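Reader: Could you help me learn to read a protein structure, one feature at a time?
Author: Gladly! Let us look at it together.

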Amino acid sequence: MNILITGAGRGLGVELVAEALERGHGVIAGVRHPEQEQPELAKLAAAYGDKLTVARLDVTDEEGIAALAAELKAQERTLGAIINNAAVLTARNTPVEVLDLQDMLTTMDINLYGPIRVVKHFLPLLTETKPSIINISSEAGSISNAYPGDYPYSISKTAMNMFSQQLHVYLQDRGVHVLSVHPGWMHTDMGGEEAPTDPRQSAGGIITLIEQRKDPKGVFRFVDYTGKDMKI
Ligand code: NDP
């Protein structure tokens, strides 16, 4: 299967790339600045050759996303899965009284409108058998888990879960499996050093969810990387 992964240069993204390649999949790794050195992706490119394509993909740039989708279509490339992984965490623990609305706008642009742009333009390429869309969410997006602070991030993930649910309803009859996935509290730039979960372990769980996908029909599921149901 060929898998498109956004935010693929570091953190969970690069571990998803490594795990997918190790399991024999092809990967299109979307990064914002392919012209800058991407040491981990360079190592993977040396090991896996043309199974890995590194492409410019800034999730805020709709024209660029459309151009990449058109380029891949012209090359008759197809996808079996899209993983919307890129995200930012801004204005952490900031009380609403001092919240800078620019942080809301930036975060929604990347964490919510980004996946919408990517699905909008890459859906026509999702033609391989048993296709999936995986939206990387967070337990911070559970309404039942709401806590004050992290307004931009939590709200963006809650809204993304709605987008996932809408896609699930829209695409289940076409056989596309759509999941929102909480990857765990991971040891990455975003998660910090104290985080207990190795992002490679999360990546393994997420690729397994794609490989062992369930029947797309039925109720929408928001799960963690082991497949356990999360509260919406
Ligand atoms: P990191 O902060 O380590 O990495 C974020 C990635 O997103 C980077 O590759 C970054 O690229 C990319 N990115 C940011 N903005 C854009 C953009 N405009 N276009 C394309 N790519 C962009 O995050 P994690 O790896 O920790 O997080 C991965 C996912 O998991 C996210 O969706 C996050 O919300 C979710 N998550 C993470 C948790 C954790 O504990 N870490 C917990 C719960 C959920 P660049 O290098 O160019 O900045």
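Author: Remember that this is a predicted model. We can begin with strand S2, residues 26–31, which runs parallel to S3 and is joined to it by 5 bridges. Within that pair, glycine 30 has alanine 55 of S3 as its bridge partner.

Reader: What holds strands of a sheet together in general?
Author: Strands pair through backbone hydrogen bonds, in a parallel or an antiparallel way. Here, 7 strands form an open sheet with parallel pairing, in the order S3-S2-S1-S4-S5-S6-S7.

Reader: Which strands stand at the edges?
Author: Those are S3 (52–56) and S7 (221–224). Each has a single partner strand, so one of its sides has no neighbour in the sheet. On average, neighbouring strands of this sheet are turned by 20 degrees against each other, direction ignored.

Reader: Which strands does helix H5 lie across?
Author: Helix H5 (residues 151–171) lies across S5, S6 and S7, and it runs at about 160 degrees to S6.

Reader: How do I read a phi angle?
Author: Most residues other than glycine have a negative phi. Glutamate 76, which is not a glycine, has a positive phi of about 55 degrees. Its place is the loop between helix H3 and strand S4.

Key:
Residues are numbered from 1 along each chain as its sequence is written. This is a predicted model: local features need pLDDT of at least 70, side-chain atom pairs count only at pLDDT 80 or more; totals for chains, interfaces and linings use all residues. Two strands pair if DSSP finds at least two bridges between them. Helices (H or I, at least four residues) and strands (E, at least two) are DSSP runs, numbered from the N terminus. Axes are lines fitted to C-alpha atoms, for helices over the stretch in contact, and angles run from 0 to 180 degrees between N-to-C directions. Two residues are in contact if their C-beta atoms, placed from the backbone, lie within 7 Å.
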